[in-house]
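Work through the exercises below with the sequence and the structure in view. Each task is followed by a worked solution.

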Amino acid sequence: MKNISMNAKYLKIFSLIFVLPFIIFDFLYSWFIDISYNKYHEFFVSFTKNLGPISNSSLFSDSSVGWCAKLSSMPWAHRLLGMLVDIVSLGLFLWGFFVFLSLLSSYQKGVVFSQESFFLLKKLSKISFVWVLYSPIKDTLLSVICTLHNPPGQRIITVSFSSRDIYHIFFVGVIFVITSLIYEGYIIKKEQDLII
Amino acid sequence: MKIIITLDEVMARRKIRLNELASKIDITEANLSILKTGKAKAVRLSTLEALCKALNCQPGDLLKYQEEPENL
């Protein structure tokens with residue numbers, strides 16, 4: 001039990017110091033600091049130039065990866081719309097993150113197989129499921145929003161389902177399995193508590 | 001089939017209070033209350049032994065079997 005409390009404590013500290021600021025910084029960096037995209041754009045162009053004939057393929061085309069490259073050229077309305085789409089994903093992530101923090105707090109207190117931790121894990125698995133489902137939808141919406149200001153013929157809509165989404169689905173599945181395990185543990189604990 | 005715990009009857013006969021008994025047999029008042037109100041699912045032999053020792057009685061004095069009426 002002491003081990004769980006210690007692990008929960010360290011993970012909580014790590015999450016608060018590194019994960020939370022990184023996630024928020026990443027969002028602000030994406031939508032407010034134009035230079036990031038310019039740098040990324042330059043890197044991408046130099047990378048594709050070195051590839052020679054392959055660089056003309058759709059896989060390495062400038063638009064498939066760098067469709068948000070020119071953030072400064074985006075009208076504010078489009079930028080706000082893009083932020084709104086992105087903020088839903090961020091909100092879902094932060095909601096799940098704070099649910100996870102409360103779960104860690106209960107583990108820190110030594111409460112593992114309780115109704116509270118089961119409900120928190122159940123909530124976390126549902127939030128992650130919605131977050132994972134929203135991810136490809138967000139990418140599609142962002143591809144439209146970020147290229148909406150382009151002249152006709154250069155507007156893009158991408159529908160993608162990448163290996164990243166497969167990993168996310170796998171991890172959500174793991175969370176669901178852990179939730180059912182915690183539930184079984186909770187039932188056993190409840191019964192154990194009635195053995196005097 | 002129903003097993004009834006008659007701990008409260010024995011406690012009343014011995015004129016001993018819950019907190020007193022709990023401290024004597026070294027279990028929490030909450031757990032003893034679960035036992036007294038009949039919410040317990042099982043009783044450990046060690047608990048039964050401690051109860052018998054503290055109340056100076058036999059296990060049969062604490063447990064009673066009552067047959068439930070058959071459904072018609």
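**Exercise 1: a loop residue**

Ser160(A) is found in the loop between helix H5 (115–147) and helix H6 (163–193) of chain A. The model is a predicted one.

Task: Determine which residues Ser160(A) is in contact with, leaving aside its neighbours within four places in sequence, and whether Ser160(A) counts as buried, partly exposed or exposed.

Solution. 
- Step 1. With the neighbours within four places set aside, the contacts of Ser160(A) are Pro136(A), Asp139(A) and Asp165(A).
- Step 2. The relative accessibility of Ser160(A) is 32%. Buried requires under 20% and exposed over 50%, so Ser160(A) counts as partly exposed.
- Step 3. A further distance can be read from C-alpha to C-alpha: Ser160(A) and Ser135(A) lie 9.7 Å apart in space and 25 residues apart in sequence.

**Exercise 2: salt bridges in chain A**

Task: State how many salt bridges the rule counts over all chains, then describe the pairs Asp139(A) with Arg164(A), Lys138(A) with Asp86(A), and Lys189(A) with Asp193(A).

Solution. 
- Step 1. The count over all chains is 4 salt bridges. The cut-off is a nitrogen-to-oxygen distance within 4 Å.
- Step 2. Asp139(A) and Arg164(A) meet through their side chains at 2.9 Å, N to O. Asp139(A) belongs to helix H5 of chain A and Arg164(A) to helix H6 of chain A, so this pair ties together parts that are 25 residues apart in sequence. Asp139(A) has 16% relative accessibility and therefore counts as buried, whereas Arg164(A), at 35%, counts as partly exposed. A network of salt bridges links Asp139(A), Arg164(A) and Asp165(A).
- Step 3. Lys138(A) and Asp86(A) form a salt bridge through their side chains at 3.5 Å, N to O. Lys138(A) sits in helix H5 of chain A and Asp86(A) in helix H4 (residues 76–108) of chain A, 52 residues apart, and the pair links distant parts of the chain. Lys138(A) counts as buried because its relative accessibility is 15%; Asp86(A), at 12%, also counts as buried.
- Step 4. Lys189(A) and Asp193(A) form a salt bridge at 3.4 Å, N to O. Both lie in helix H6 of chain A, 4 residues apart, so about one helical turn separates them. Lys189(A) is partly exposed at 38% relative accessibility, and Asp193(A) is partly exposed at 39%.

**Exercise 3: chain A as a whole**

Task: Give the number of helices and strands in chain A, and the share of its residues that is buried.

Solution. 
- Step 1. Chain A has 6 helices and 0 strands, in the order α-α-α-α-α-α along the sequence.
- Step 2. Of the 196 residues in chain A, 36% are buried.
- Step 3. Among contacts in chain A between residues at least 6 apart in sequence, 75% are between residues at least 24 apart.
- Step 4. Chain A has an accessible surface of about 12,100 Å², with 72% of it on carbon and sulfur atoms.

**Exercise 4: the interface**

Task: Describe the interface of chain B and chain A by its contacts, buried area and polar pairs.

Solution. 
- Step 1. On the chain B side 11 residues are in contact with 6 residues of chain A.
- Step 2. The two chains bury about 730 Å² between them, 63% of it on carbon and sulfur atoms. Of the area that chain B buries against chain A, Lys41(B), Ala42(B) and Arg44(B) supply 59%, more than any other three residues.
- Step 3. Helix H3 (residues 29–36) of chain B gives the most to the side that touches chain A, with 3 residues. The residues on that side of chain B are 6 nonpolar, 2 polar and 3 charged.

Definitions and conventions: Residues are numbered from 1 along each chain as its sequence is written. Chains are lettered from A and ligands numbered from 1 in the order in which they are written. This is a predicted model: local features need pLDDT of at least 70, side-chain atom pairs count only at pLDDT 80 or more; totals for chains, interfaces and linings use all residues. Side-chain values use heavy atoms; hydrogens and water are left out. Contact means heavy atoms within 4.5 Å. Buried area is the accessible area (1.4 Å probe) that two parts lose on being put together, summed over both. A polar contact is a pair of N or O atoms within 3.5 Å; within protein, one must be able to donate a hydrogen and the other to accept it, and residues adjacent in sequence count only if both atoms are side-chain atoms. Helices (H or I, at least four residues) and strands (E, at least two) are DSSP runs, numbered from the N terminus. Ala, Val, Leu, Ile, Met, Phe, Trp, Tyr, Cys and Pro count as nonpolar, Asp, Glu, Lys and Arg as charged, and the others, Gly among them, as polar. Buried means under 20% relative accessible area, exposed over 50%, partly exposed in between (1.4 Å probe, protein chains only). Accessible areas come from the Shrake-Rupley method with a 1.4 Å probe; for residues, only the protein chains shown count as cover.
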